[in-house]
Amino acid sequence: MRAIISDKAKYSILILLIIFFAPSWAQKNFTISGQIKDKETGEDLFGATIIVENLKGVGTTTNMYGFYSLTLPAGEHQLVFSYIGFENIEFKINLTQNVKKDIQLGSNSTQINEVVVTAEKADRNVSSTQMSVARLDLKEAEALPVLFGERDILKTIQLMPGVQSTGEGSSGFYVRGGSSDQNLILLDGAPVYNASHLLGFFSVFNSDALRDVQLYKGAIPAEYGGRLSSVMDVKMKEGNSKKLEINGGIGLIASKLTIEAPIVKDKGSFIISGRRTYADLFLKLSNDEMQNKSSLYFYDLNLKANYQLGAKDRLFLSGYFGKDHFGFSDIFGFDWGNRTGTLRWNHTFSDKLFSNTSLIYSEYNYKISIKSADFEIGSRIKDYNLKQDFDYYLNRNMKLKIGGNVIHHTFDPGYLESNNDNLNSIDVQNKYSLESALYISNEHKIGGRLTFTYGLRYSNFNQIGPGDFYTYDSEGEVKDTSTIGNWESVASFNNLSPRLGAHFTLNESSSIKASYSRTTQYLHLMSNSSTGTPLDIWLPSSNNIWPELADQYAIGYFRNFKSNLYEFSIEAYYKTMDRVIDFRPGAEINLNPTIEGELLYGKGRAFGLEFFVKKSQGKFTGWISYTLARSQRQIEQVNNGNWYSAKQDRIHDISVVAMYKLSKRLDISAVWVYYTGNAVTFPSGKYEIEGETINYYTERNGYRMPDYHRLDLSLTLNNKRTKSYIDPESGEKREKKKRFESSWNFSIYNTYMRENAYSITFRPNEDDPKKTEAVQLALFKIIPSISYNFKF
């Protein structure tokens, strides 16, 4: 059948084509492209800015690998290449053909005047099209007070608006009312399924090995998927391609060492970074035989290498290996850990098309050995992921991203291996699934003030055999069993996730941004703990567990003051969640082959306001963040079907961060946090049956833990890292870095010894058993710490 297009439709199509491609039709254009790197280390500079001074509002930024591409009209142009903390490079270029221009920016810390090195463009708060994103400044994180002297990016990110700690001292976090398993944490593209050490008190990320950390709380770009609430994208350093560099640190409970060096100067480099605690070494000094034979430690090992194969090709290979071990004499052993690996190939097809191909591996497992009873319990999740991404710079107003990936998941929900005649072995069958996605997004500038970012992500999730698969009745009892063969489909789900963002520049110092995003989650964490434990297990969507869905709307106002000395933002968001998961009363999670029958499903909502004020330049820097928010759930079988507060429902959350440079050698900092106590279910009364006292519960999460607050302080003593000299060419006084640098850090955690409640339990009063009393457990009163760091 022949299609007929009306004249009106033809004109509409013509107008759209003119809007999209007018810049390339209007006159002859050429493209300048290349890489921007750090002159001292050879590291790629992500987010470096290229501005065309003679064309107002025209410019671009580098991608994650330092690549840039900018299409301009033929003729002479004045270009400025800049990155905060580095000296600008400015030059004229006469474009008569496509040009490849690699740039190396040198640190301006060689100048005598004090500078503040950050990873942000000075007005990025206003000019960036992205909203609801926190990019962590690793330099700032070094200055903040820390628990036990160990810097932790996850604890630093909790000081940002919309991000909440899961509990006292924990590295786990909630984002905008979501649960902790709704955060996708990536290390060089590989998912990290358990990002904690020592039962949550430390994260798996060694700051010395990291290059960049970004947390997307909303307006999540289309290239990311798989979780409802947030994406934390962590990139490892590539290694110094200019010279050998060694840095490390010694703290109260752990030490670390990092080595970077060229493989071939300016062509390839590597980094090796290790960290280990040594509490177990002190146990060896004990006279108690049980303690002497016990062990308690964790370690991390980060490895990465890259090599430039040619002008257009570059290979990267990175890996992470981490493990926790706790052993109590010859009686008990508990091990858990992550392993990841990423092989990446960058290829530049042309001055406008950049490709990134990745093969990614990730695994998390735990194992408990009860040696006295001769049995072992364990669980594991393992992924293989093939990912392809393209960056296409269509013209100076449009930047396309296109790609896709396919993941094979293997879930081992649990096993019990027993050599004990009184205990039978249990092996819960493995589960398998394929997850695939395709995406496209475009950053589209319209005029000098308006920019749209729009995209679409299509995802498919397919649970496959082999295995026995159950269906359940309304009470969670098995009513049918089916046996499925290898690679046969058990259940398949398809979802479209649109992403839309808008950025309107009001003037040079303020802008308005808005966004909408839909997210889909196919993997689900089974946990009865509010903070998460190593024993939690992951399950895939299946014939019984449907994918979780979320829709988030956000709008914000962004403003900078006094030549970008201060930045301010306020964001409002509203998020709905569908098919959220809870448990039936008394649900058993571990070693349960019919765990899917223990689950309940409902919906959720979260909404709030986020305020953020930051000063990032000068001797006195810091920020204040405040979040006013609610997070609620509704499940038919819970709380009589009424809405109730989620456990992470915190109405108020405040963080105040202050850093002051007393001199070149002495820095001080302070952090004060306050938040409303978590929602919790306590007994509302009690009754007695046949002499036994039974607690009576009414509303789900109808009570609150006491409000939480604490003050941390830190003092850092640096050696003099530079020496003064007179530049013979300019006659200006400058400073040159010394080869060896070191610092001492002194921290106090919970300075005014607030006894914050970690848990509250109930027991009969010793004097009058008919009365019930609440018992509060506080983990930390005050913890001083000291650490020594060095670099050469």
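1. D44 is buried, with a relative accessible area of 3%. The model is a predicted one. K37 also counts as buried, at 17% relative accessibility. D44 and K37 form a salt bridge, and their closest N and O atoms are 2.8 Å apart. The cut-off for buried is under 20% relative accessible area, so K37 qualifies at 17%.

2. K37, E43, D44, R211, E238 and R314 are linked in a network of salt bridges. Across the whole structure, the search finds 35 salt bridges.

3. Next, R275 and E150. These two form a salt bridge with the closest N and O atoms 3.1 Å apart. R275 lies in strand β20 (residues 268–277), while E150 lies in the loop between α3 (138–143) and α4 (153–157), so the pair ties together parts that are 125 residues apart in sequence. R275 is buried, with a relative accessible area of 4%. E150 is buried as well, at 7% relative accessibility.

4. E596 and K431 give another case. Their side chains meet in a salt bridge at 3.8 Å, N to O. E596 sits in the loop between β37 (566–583) and β38 (599–615), and K431 in strand β28 (residues 431–446), so this contact ties together parts that are 165 residues apart in sequence. Both residues, E596 and K431, are buried. The salt-bridge cut-off is 4 Å, so the pair counts at 3.8 Å.

5. Now the aromatic rings. The whole structure holds 31 aromatic pairs by this search. In one of them, the ring centres of F349 and F390 are 6.4 Å apart and the planes stand at 45°, so the pair is tilted. F349 lies in the loop between β23 (332–348) and β24 (353–370), and F390 in strand β25 (residues 375–395), so the pair ties together parts that are 41 residues apart in sequence. Pairing requires centres within 6.5 Å, so a value of 6.4 Å still counts.

6. Two arginines sit over rings. The charged end of R605 is over the ring of W643, 3.9 Å from its centre. R700 lies over the face of Y644, at 5.6 Å from the ring centre. The distance cut-off for such a contact is 6 Å, so R700 passes at 5.6 Å.

7. Which strands make up the open sheet, and in what order? The sheet has 4 strands in the order β3-β2-β5-β6, with antiparallel pairing. β3 (59–61) and β6 (89–95) stand at the edges, each with a single partner strand, so one side of each lacks a neighbour in the sheet. On average, neighbouring strands here are turned by 20° against each other, direction ignored.

8. Strand β5 (residues 75–82) pairs with β6 in the antiparallel sense over 7 bridges. Within it, H77 stands opposite I93 in β6.

Terms used. Residues numbered from 1 in each chain as written. Predicted model: local features only at pLDDT ≥ 70, side-chain atom pairs only at ≥ 80, totals over all residues. Heavy atoms only, no water. Phe/Tyr/Trp six-rings, centres within 6.5 Å; stacked < 30°, edge-to-face > 60°. Helix = DSSP H or I, 4+ residues; strand = E, 2+ residues; numbered from the N terminus. Lys NZ or Arg CZ within 6 Å of the ring centre and 35° of its normal. Pairing = 2+ DSSP bridges. Axes fitted to C-alpha atoms, helices over the stretch in contact; angles between N-to-C directions. Buried < 20%, exposed > 50% of the residue type's maximum accessible area, 1.4 Å probe, protein only.
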